[in-house]
Amino acid sequence: MYNEELKRKLSAFFEGKKHIVIVQGDNPDADSLASSLALEELLYAQGIDTTMYCTIDVAQYLRYLEGWDRVTNLLPSQFDAWILVDCEYLRLLDNVKAAGNLGILQSKPLLVIDHHDSPTDIDFAEVLLNDPSCGASGQVIYNVAKLLDWNISHRAAEMLVVSIMADTLGFNSEFMNGNSGP
């Protein structure tokens with residue numbers, strides 16, 4: 001899955017982008033939030049500004065993650081593209097649609113990063129990266145960073161570990177076999 005063709009698509013997606021909105025679905029969990037925080041850090045290192053967007057307030061139980069307070073329910077007026085994290089169905093964006101922002105988002109290039117083993121109804125993505133061999137979206141993001149030769153800072157690594165730990169039950173699921181990756 002993580003091959004030269006995907007590398008070419010991802011490189012083309014990120015090329016020339018100055019501001020990317022990282023979108024979480026209507027009911028984000030630790031994987032979604034930590035993945036967003038990791039992406040924020042990774043993209044910053046690439047010279048790309050980000051806005052983390054979610055229509056609901058970050059749940060109290062997730063507020064231990066440094067940076068949770070940078071998630072906003074206000075979609076910026078100017079951005080170049082968006083990344084949908086840990087969200088495989090349009091129905092998980094019902095609040096985005098109700099806020100009148102789905103159409104605005106759909107007018108920009110989309111990269112979907114997900115790990116769920118289910119068919120998606122998001123057929124308008126420029127790049128759809130759904131890897132069910134991974135236990136968490138953070139693991140997919142790690143694989144993308146390695147494929148694109150991005151440096152993974154300590155802060156990004158910390159958020160990737162939180163993401164993976166959250167969705168693999170502390171590395172105790174069948175996904176943690178060491179075989180998935182680039």
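Predicted model: local features only at pLDDT ≥ 70, side-chain atom pairs only at ≥ 80, totals over all residues.
## Helix α2 against helix α6

Helix α2 spans residues 30–45 and helix α6 spans residues 154–167. Their axes lie 8 Å apart, at an angle of about 160 degrees. Angles over 145 degrees count as roughly antiparallel, and α2 and α6 are therefore roughly antiparallel to each other. The crossing of α2 past α6 is left-handed.

On the α2 side, the contact involves Ala-30, Asp-31, Ala-34, Ser-35, Leu-37, Ala-38, Glu-41 and Leu-42. These meet Arg-155, Ala-156, Met-159, Leu-160, Val-162, Ser-163, Ala-166 and Asp-167 of α6. By class, the residues of the contact of α2 with α6 are ten nonpolar, two polar and four charged.

## Helix α2 against helix α5

Helix α5 covers residues 137–147. The axes of α2 and α5 come within 8 Å and cross at roughly 20 degrees. With under 35 degrees as the limit for roughly parallel, α2 and α5 are therefore roughly parallel to each other. Their crossing is right-handed.

Asp-31, Ser-35, Leu-39 and Leu-42 of α2 make this contact with Ser-137, Gly-138, Ile-141 and Ala-145 of α5. The residues of the contact of α2 with α5 comprise four nonpolar, three polar and one charged.

Leu-10 belongs to helix α1, residues 4–14. The relative accessible area of Leu-10 is 0%, under the 20% cut-off, so Leu-10 is buried.

Leaving aside neighbours within four places in sequence, Leu-10 contacts Leu-111, Val-127, Val-144, Leu-147 and Leu-148. Leu-10 and Leu-148 are 138 residues apart in sequence, while the C-alpha to C-alpha distance between them is 8.0 Å.

Note on methods. Residues numbered from 1 in each chain as written. Heavy atoms only, no water. Axes fitted to C-alpha atoms, helices over the stretch in contact; angles between N-to-C directions. Helix = DSSP H or I, 4+ residues; strand = E, 2+ residues; numbered from the N terminus. Parallel < 35°, antiparallel > 145°, perpendicular 65-115°, else oblique. Left-handed = near helix turned anticlockwise from the far one by under 90°. Contact = heavy atoms within 4.5 Å. Nonpolar A, V, L, I, M, F, W, Y, C, P; charged D, E, K, R; others polar. Buried < 20%, exposed > 50% of the residue type's maximum accessible area, 1.4 Å probe, protein only.
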